[in-house]
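Subject: Structure for your review

Hello,

Here is the structure I said I would pass on. My notes on the sheet and the helix packing follow below it.

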Amino acid sequence: FLETINKRKLDFDLEKICSVTLSHLNVYCCLVCGKYFQGRGDTSPAFLHSVNENHHVFMNVNSLKVYLLPDGSEVDDQNEIQVINSIRYALRPVFTRNEITHFPLECRDLTNRSYINGFIGLNNASDNDCTNVIIMMLGHLPSIRDYLLLLNPENVSEFVRKLSIVIRRLWSVSLFKQHVSVDEFLSFASISYKRSFISEQDPRSFLLWLINSATKTSQKLKDVLIEGCQGRVEIN
């Protein structure tokens with residue numbers, strides 16, 4: 001069934017919620033059509049989608065494990081691990097310190113078009129340019145960028161993890177398409193912090209919220225932000 005995987009249908013810019021239940025819990029991406037569904041049980045949306053649409057390959061968006069439905073077996077075929085790992089990387093890129101010392105790089109997307117990682121477009125479908133400029137700025141401050149690219153996203157708060165994933169995808173060397181979106185991060189901010197930065201249209205307010213939220217969730221990120229953003233006064 002792995003030959004039915006269609007990378008061109010996968011859009012990891014979308015918020016990872018079940019298209020049926022609208023739940024964030026235990027969500028799987030159908031690697032055949034790109035839609036998100038909850039669960040693997042006999043009555044779950046993912047199971048029913050597999051049976052009704054004859055789509056069989058699903059990836060858990062948190063554990064990144066791949067399963068074949070409706071039988072529920074996990075895919076561990078070493079012959080297909082390269083295809084699966086390329087999708088895992090697209091969803092959650094990982095880097096080494098040696099790699100990032102050579103950034104930026106000329107890369108190729110899924111259609112073999114050239115792009116420079118770190119210098120790609122951020123979607124503005126929601127008129128969110130006020131937030132895009134701040135994300136782009138933070139993603140180009142070396143100390144902040146390097147910290148977010150190299151940290152283990154499993155051992156940090158949800159806030160830091162969401163921010164890290166945005167910056168990781170900005171610097172991905174293997175994008176499926178030459179732009180990414182911050183919509184998932186903004187949705188998280190809207191739900192968890194009751195803030196709508198799109199309606200505010202104030203990049204300064206968004207930056208201050210980012211810094212204040214970071215200081216409350218991660219001492220390490222707080223220190224990195226202070227180092228990266230704090231200016232110096234030179235007196236002659």
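Tyr-28 has Asn-60 in strand 3 as its bridge partner. The model is a predicted one, so please read what follows with that in mind. Strand 1 (residues 27-30) and strand 3 (residues 57-60) run antiparallel and are joined by 3 bridges.

These two strands belong to an open sheet of 5 strands, ordered 2-1-3-4-5, with antiparallel pairing. At the edges are strand 2 (36-38) and strand 5 (73-74); each has a single partner strand, so one side of each has no neighbour in the sheet.

Two helices go with the sheet. Helix 1 (residues 45-53) packs on it and touches strand 1, strand 2 and strand 3. The direction of helix 1 makes about 120 degrees with that of strand 2. Helix 2 (residues 81-91) lies across strand 3 and strand 4 (66-68), and runs at about 40 degrees to strand 3.

Now the helix pair. How do the axes of helix 7 and helix 9 cross, and at roughly what angle? The axes of helix 7 (residues 183-193) and helix 9 (residues 203-217) come within 13 Å and cross at roughly 70 degrees, which makes helix 7 roughly perpendicular to helix 9. The crossing is left-handed. On helix 7 the contact is made by Phe-185, Leu-186, Ala-189 and Tyr-193; on helix 9 it is made by Phe-206, Trp-209, Leu-210, Ser-213 and Thr-217. By class, this contact has 7 nonpolar residues, 2 polar ones and no charged ones.

Regards

Definitions and conventions:
Residues are numbered from 1 along each chain as its sequence is written. This is a predicted model: local features need pLDDT of at least 70, side-chain atom pairs count only at pLDDT 80 or more; totals for chains, interfaces and linings use all residues. Side-chain values use heavy atoms; hydrogens and water are left out. Axes are lines fitted to C-alpha atoms, for helices over the stretch in contact, and angles run from 0 to 180 degrees between N-to-C directions. Helices (H or I, at least four residues) and strands (E, at least two) are DSSP runs, numbered from the N terminus. Angles under 35 degrees count as roughly parallel, over 145 as roughly antiparallel, 65 to 115 as roughly perpendicular and the rest as oblique. A crossing is left-handed if the near helix is turned anticlockwise from the far one by less than a right angle, and right-handed if clockwise. Contact means heavy atoms within 4.5 Å. Ala, Val, Leu, Ile, Met, Phe, Trp, Tyr, Cys and Pro count as nonpolar, Asp, Glu, Lys and Arg as charged, and the others, Gly among them, as polar. Two strands pair if DSSP finds at least two bridges between them.
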